Amino acid sequence: MLMKALRVGLGQLIVLGDAVSRPRPRRRSAQGQEAVVKDAAPLSLYQFHACPFCVKTRRALHRLNVPMTLHDAKNDPVARDRLLAGGGKVKVPCLHIQEKDHSRWLYDSNAIIAYLEQRFAGIG
């Protein structure tokens, strides 16, 4: 019980720290931002609200100014089941990439951020 209270408290501190120190979103032309919105439409992030690796990933999304659907795999049983069925494990963060004829599930915050940087950093 004490460990759970510590974990919850630490999680809330991480979320508060993120809110206070969030980076500025990248500025783009209207056409560039429209392209980002269109390219990000088939992406969604499965995450836990207070997970430090999920916070790190959401900060990258914010910094890159990439709007994305977020799924709470901790409190939403439907999202949790989708993550387990599609990705094979309940591990967050997980980026679901819906491509034309198949889906990809990308785990690990560093891999997700590298993917996002590669895909969206160059769009002006």
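Trainee: Which residue in β3 is the bridge partner of Y46?

Mentor: In this predicted model, the bridge partner of Y46 in β3 is C94.

Trainee: What makes strand β1 and β3 a pair?

Mentor: Strand β1 (residues 43–47) and β3 share four bridges, in the antiparallel sense. Pairing asks for at least two bridges, so these strands count as paired.

Trainee: How do you know that β3 pairs with β4?

Mentor: Use the cut-off of at least two bridges again. Five bridges join β3 (residues 94–98) to β4 (residues 103–107), and the strands run antiparallel. That meets the cut-off, so β3 and β4 pair. Two places to look at are L95, which stands opposite L106 in β4, and Q98, which stands opposite S103 in β4. The strands are joined by a hairpin through four residues.

Trainee: Why is β3 called mostly covered?

Mentor: Four of the five residues in β3 are buried. Being buried takes a relative accessible area under 20%.

Trainee: Is H96 called buried or exposed, and why?

Mentor: H96, which has its place in strand β3, has a relative accessible area of 12%. The limit for buried is under 20%, so H96 is buried. Leaving aside neighbours within four places in sequence, H96 is in contact with P42, L43, S44, Y46, S103, R104 and W105.

Trainee: What makes the pair of H96 and S103 a polar contact?

Mentor: The side chains of H96 and S103 come to 3.0 Å. The cut-off is within 3.5 Å for N or O atoms, one able to donate a hydrogen and the other to accept it, so the pair counts.

Trainee: Why is the pair of E99 and R104 called a salt bridge?

Mentor: The closest N and O atoms of E99 and R104 are 3.4 Å apart. A salt bridge needs them within 4 Å, so this pair counts. E99, at 26% relative accessibility, is partly exposed, and R104, at 34%, is partly exposed as well.

Trainee: How many salt bridges does the count come to?

Mentor: The count comes to two. One of them joins the side chains of R63 and E117, at 2.7 Å from N to O. This pair links distant parts of the chain: R63 belongs to helix α3 (residues 52–64) and E117 to helix α5 (residues 109–120), 54 residues apart.

Trainee: What makes R63 partly exposed?

Mentor: R63 has 32% relative accessibility. Partly exposed lies between the buried limit, under 20%, and the exposed limit, over 50%, so R63 falls in between. E117, with a relative accessible area of 28%, is partly exposed by that rule too.

Trainee: What is the pattern of the protein chain, read along the sequence?

Mentor: The pattern is α-α-β-α-β-α-β-β-α, which comes to five helices and four strands.

Trainee: Why is the protein chain called as compact as a globular protein of that length?

Mentor: The radius of gyration is 15 Å, close to the 14 Å that the globule rule gives for 124 residues, so the protein chain is as compact as a globular protein of that length. The C-alpha atoms fill a box of roughly 50 × 35 × 20 Å along the principal axes. Of the 124 residues, 34% count as buried.

Conventions. Residues numbered from 1 in each chain as written. Predicted model: local features only at pLDDT ≥ 70, side-chain atom pairs only at ≥ 80, totals over all residues. Heavy atoms only, no water. Buried < 20%, exposed > 50% of the residue type's maximum accessible area, 1.4 Å probe, protein only. Contact = heavy atoms within 4.5 Å. Rg over C-alpha atoms; globule rule 2.2 N^0.38 Å.
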